[in-house]
Amino acid sequence: MRTIAVVGTSLAGLRAAQELRGRGFDGRLVMIGAEPPYDRPPLSKDFLLGKVSADDLALAGQDDLDALAAEWHLGVRAEKLGREGVTLGDGTTVAADGYVIATGAVARTLDAARDLSGIHTLRTLGDAVALKAALAAGPSSVVVIGAGFIGAEVASACRLLGHEVTVVEAMPVPLASVLGARMGAVCGDLHAENDVRLITGVPVAGFDGDGRVTGVRLADGRELLADLVVAGVGARPAIGWLTGSGLAVDDGVLVDSGCVTVNPRVIAVGDVARYRCPLRGGRVRAEHWTAASEQPGVAVANLLAGSTVTHFARHGYFWSDQYGRRLQFAGVATEDVRIAEGDVASKRFVATYHRGDVLAGVFAIDSPRPFTRLRRALRSLGEPRR
């Protein structure tokens, strides 16, 4: 391969470029993305709290970026992938011998919120800057829609900034789809313990306001006053530009266990990739920092080899900071949950998930050392040694 184009310049795209150079690719490397590489996890936490600046979020220094010897196309999006190459929003076409798709995901929005200001999403630095400015204006009541990790982190930040916060979650138990009902309920308790109102099992029906939001209407008829709303209702993979490309897409770019598409000259990594997971026996789209950081090593090796010669087999891992506590999870949640160490009531414990006598997952709050030990045991059960 003489030219490889990396479409997407966030964490997964940057790691792919670094892997390409690290594995000896010395050809033309083209980087295409709407934004420069920066770290997204702090956006819903320390950035909103003013603990870090936009400059602090950079994933690499200028010397590191220069070392890639790449041709950068920033501030522009890919519009189409075809036989001629990648067509960009400015009309440029970049032809390459190999392609890395790392376009990530975009925040889901609520249709009922389209005509009202004061309703925010949080996915990009621009989103975070706008939300931070709005919070600085001093809203008296903030409603967060969605009690997933982003919603919970935003609620935590808003409360620490002194705002009155209500969290609305359509599901009966927050995070039950990820952590199971028992541990999801424990996470839900964190809101009440920090004077945040949590409403569960009720979807949002609409919004009040003339030009700017003034309230949130729930499906059960209740109305919540709101000077500011944050919608944390998930993300969808950025795959619209791949229509007509010949690649298989379904809630992401479909790839094999080595992150290779139906075309061996094209790989996909990060939030946009829906890969066949050997540990779960099905397809998974992992929207976590760790997956975006680790997948490129496997995918790039396969791209350079011209076929799938190695596989991505990792237990999912993520962390979240909420109300001054560190939450960590690895593996898969099951109904068999056991408290391995600590005390749930004090919110300092480690829980393990099991399939029979086999360890399947680990969840912890403010217990990093025992979590790391059990995570290591989990990895030894299911992940190949390198």
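Biologist: What should I know about the model and its numbering before we start?

Modeller: Residues count from 1 along each chain as its sequence is written. The model is predicted, so local features need pLDDT of at least 70, side-chain atom pairs count only at pLDDT 80 or more, totals for chains, interfaces and linings use all residues, and side-chain values use heavy atoms, with hydrogens and water left out.

Biologist: Why is strand β10 called largely enclosed?

Modeller: Buried means under 20% relative accessible area, exposed over 50%, and partly exposed in between (1.4 Å probe, protein chains only). Five of the five residues of β10, residues 141-145, are buried, so the rest of the structure largely encloses this strand. Ser141, Val143 and Ile145 point one way, Val142 and Val144 the other, and all are buried. As for the label, strands (E, at least two residues) and helices (H or I, at least four) are DSSP runs numbered from the N terminus.

Biologist: How do you know that β10 pairs with β11?

Modeller: Two strands pair if DSSP finds at least two bridges between them. Five bridges join β10 to β11 (residues 164-169), and the two run parallel. In one of these pairings, Val143 has Thr166 as its bridge partner in β11. The chain gets from β10 to β11 through helix α4 (residues 149-160), in a right-handed β-α-β crossover. Right-handed here means that, with the strands pointing away from you, the path from the first strand over the helix to the second runs clockwise.

Biologist: And which strand does β10 meet over four bridges?

Modeller: That's β16 (residues 228-231), also running parallel to β10. Ile145 stands opposite Ala231 there.

Biologist: What makes β18 and β21 edge strands?

Modeller: Their sheet is open, with the order β18-β20-β21 and mixed pairing. β18 (253-255) and β21 (282-284) each have a single partner strand, so one side of each has no neighbour in the sheet. β20 (residues 273-277) and β21 pair antiparallel over three bridges, with Cys277 opposite Gly282.

Biologist: Why does Glu35 count as partly exposed?

Modeller: Its relative accessibility is 23%, and the partly exposed range runs between the buried and exposed cut-offs. Glu35 lies in the loop between β2 (28-33) and α2 (62-67).

Biologist: What makes the Glu35 and Arg40 pair a polar contact?

Modeller: A polar contact is a pair of N or O atoms within 3.5 Å; within protein, one must be able to donate a hydrogen and the other to accept it, and residues adjacent in sequence count only if both atoms are side-chain atoms. The side chains of Glu35 and Arg40 are joined by one of 3.5 Å.

Biologist: Why is the link between Asp271 and Arg123 called a salt bridge?

Modeller: A salt bridge needs a side-chain nitrogen of Lys or Arg within 4 Å of a carboxyl oxygen of Asp or Glu. Asp271 and Arg123 meet at 2.5 Å, N to O. Asp271 sits in the loop between β19 (266-268) and β20, and Arg123 in the loop between β9 (119-120) and α3 (125-136), so the pair ties together parts 148 residues apart in sequence. At 15% relative accessibility, Asp271 counts as buried.

Biologist: Where else do salt bridges turn up?

Modeller: The whole structure has 17. Among them, Asp111 and Arg114 meet at 3.1 Å, N to O, and both residues are exposed. Asp220 and Arg222 have their closest N and O atoms 2.8 Å apart. Both count as partly exposed, Asp220 at 42% and Arg222 at 34%.
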